[in-house]
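Subject: Structure handover

Hello,

Here is the structure for you to look through. My notes on it follow below.

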Amino acid sequence: MTVAQSQLVHAAPDWRNDFPALRQEVNGHPLVYLDSAASAQMPEAVINTVAEYQRHDHANVHRGVHTLSHRATDAFEGARDKIRDFINAASRTEVVLTSGTTESINLVAQSFCRPRLKPGDKILITHLEHHANIVPWQLVCEQTGAELIVAPIDDSGQIEADTLTTLLDQDVFILALGHVSNALGTVNPVREIVAQAKARDIPVLVDGAQGVPHMPVDVQQLGCDFYAFSGHKMFAPTGAGVLYARESLLDAMPPYQGGGDMILEVSFGATVYNELPYKFEAGTPNISGVVGIGAAIDYLQAIGMQRITEYEQHLHNYMVAQLDAIDGIRLIGTAAAKASVQSFLLDDIHAHDLGTILDHQGVAIRTGHHCAMPVMSRMGIAGTARASVALYNSVDDIDRLVEALQKARKLFA
Ligand code: PLP
């Protein structure tokens, strides 16, 4: 770490204080939370906004004439406007509210791809993907006779760019790739890859679950057709998320699910679907979860995404340098561009044992395959220990992680 980097990290503002869950002790030690890639903690501002909504404004949205229903609708639709602004979608009609990244990707697979795919078509993904960006495509391939093809990654966990370019041929119906790998932390050059695909008229879906919490995202600048993400990875509650989709594509897509709210008129003879984006939002949504996403966006924008990215980048670099200095460590995922996540193994200690020993010292990391089994096979391992940082982490957290790992080493020696 350079002196400038170390000064920046040590001078970090105390955003940690905004997060009540981080003020506790776990197993007799102050909590060090390094599992934000799985689920991030919520700031007081989000918790309060959601609680306030539950206490005073809760009712069902859209259909009511009474005051609480109006308030709930305003809060829900207000959050949609904040999301539009946050990712710079061209219109609020392009923001479909879902239960999370997983549902968003399934929606695209079933509603955009399934009616159009034919045997011989290809769906291109990469070897880096989370299961949520693999299995929905396998399902739609089984349903249509299309073929799933996979762009390889190198030993560092970087997509092999030349091979990806070669694979982007005229038979590819859609390219789906992650913005940031949840298993290895690789940041993909999404803008460049999207440009290549678009030059061949191939639509692109970006799995942004690990992108949105850590960097500014401008869907128009990225040029993608779909961008999926989850509230709980960006400091909001679980069970609510977003599918950004180009309006022209959404317009031509049939509904994903049928039910209330996605219709204008129903009779037994025929149903007229609602306008965008409601055509894709059947049933009562996760209103408080969406309100929470709105509050999380307020919180993030008050700090500034660029500032968060810069802070986290220095922290990540510090973490990698400190981990790399431990005897017996093997870093998994060493791509040039990385964010938040570092996977590793220590001597021949099983990752689960490592996670348990760290938990005894108040340090929360994730262990296992991280819902990315193909990544693990590619690296020739069953799983890893994974530390992931967010804006509330500090150099002290990393030092505690290293200390805990040193203790684990001694224990297993
Ligand atoms: N994609 C990536 C890259 C992820 O990290 C995750 C969750 O870990 C998902 C998709 C699935 O997100 P969710 O479970 O919120 O739908």
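**Aromatic rings**

Ring pairs join Phe19, Tyr33, Phe235, Tyr299 and Tyr392 into a cluster. Rings of Phe, Tyr and Trp (its six-membered ring) pair if their centres lie within 6.5 Å; planes under 30 degrees apart count as stacked, over 60 as edge-to-face and the rest as tilted. By this rule there are 9 aromatic pairs. In one of them, the ring centres of Trp15 and Tyr311 are 5.5 Å apart and the planes stand at 85 degrees, so the pair is edge-to-face. Trp15 sits in the loop between α1 (3–10) and β1 (25–26), while Tyr311 belongs to helix α11 (residues 305–324), 296 residues apart, and the pair thus links distant parts of the chain. Both Trp15 and Tyr311 are buried (buried means under 20% relative accessible area, exposed over 50%, partly exposed in between, with a 1.4 Å probe and protein chains only).

**Where the model comes from**

This is a predicted model: local features need pLDDT of at least 70, side-chain atom pairs count only at pLDDT 80 or more, and totals for chains, interfaces and linings use all residues. Residues are numbered from 1 along each chain as its sequence is written, and side-chain values use heavy atoms, with hydrogens and water left out.

**The chain as a whole**

The chain has 14 helices and 17 strands; helices (H or I, at least four residues) and strands (E, at least two) are DSSP runs, numbered from the N terminus. A compact globule of 413 residues would have a radius of gyration near 22 Å, and the chain has 22 Å, which agrees. That radius is taken over C-alpha atoms, and the globule rule is 2.2 Å times the number of residues to the power 0.38. The C-alpha trace spans about 75 × 55 × 35 Å along its principal axes. Of the 413 residues, 55% count as buried. Contact means heavy atoms within 4.5 Å. Among contacts between residues at least 6 apart in sequence, 70% join residues at least 24 apart.

Helix α2 (residues 44–57) has 14 residues, which at 1.5 Å a residue should span 20 Å; its end C-alpha atoms are 19 Å apart, which agrees. The expected span is 1.5 Å times one less than the number of residues. Which residues of α2 are buried? They are Val46, Val50, Tyr53 and Asp57. These cover an arc of only 90 degrees around the axis, which puts them on the same side of α2; the arc is that of the directions from the helix axis to the C-beta atoms. The buried residues of α2 pack against α3 (67–87) and α10 (287–303).

Ser288 is found in helix α10 and is buried, at 17% relative accessible area. Not counting residues up to four places away in sequence, Ser288 touches Val50, Tyr53, Gln54 and Pro237.

**Backbone exceptions**

Most residues other than glycine have a negative phi, and most peptide bonds are trans. The peptide bond from Leu276 to Pro277 is cis, with omega near 0 degrees. Pro277 lies in the loop between β12 (271–273) and α10.

Asn27 is not a glycine, yet has a positive phi of about 55 degrees. Its place is in the loop between β1 and β2 (29–30), and at 45% relative accessibility Asn27 counts as partly exposed. Ser340 also has a positive phi, near 65 degrees. Ser340 lies in the loop between β13 (329–332) and β14 (341–346) and counts as buried, at 3% relative accessibility.

Regards
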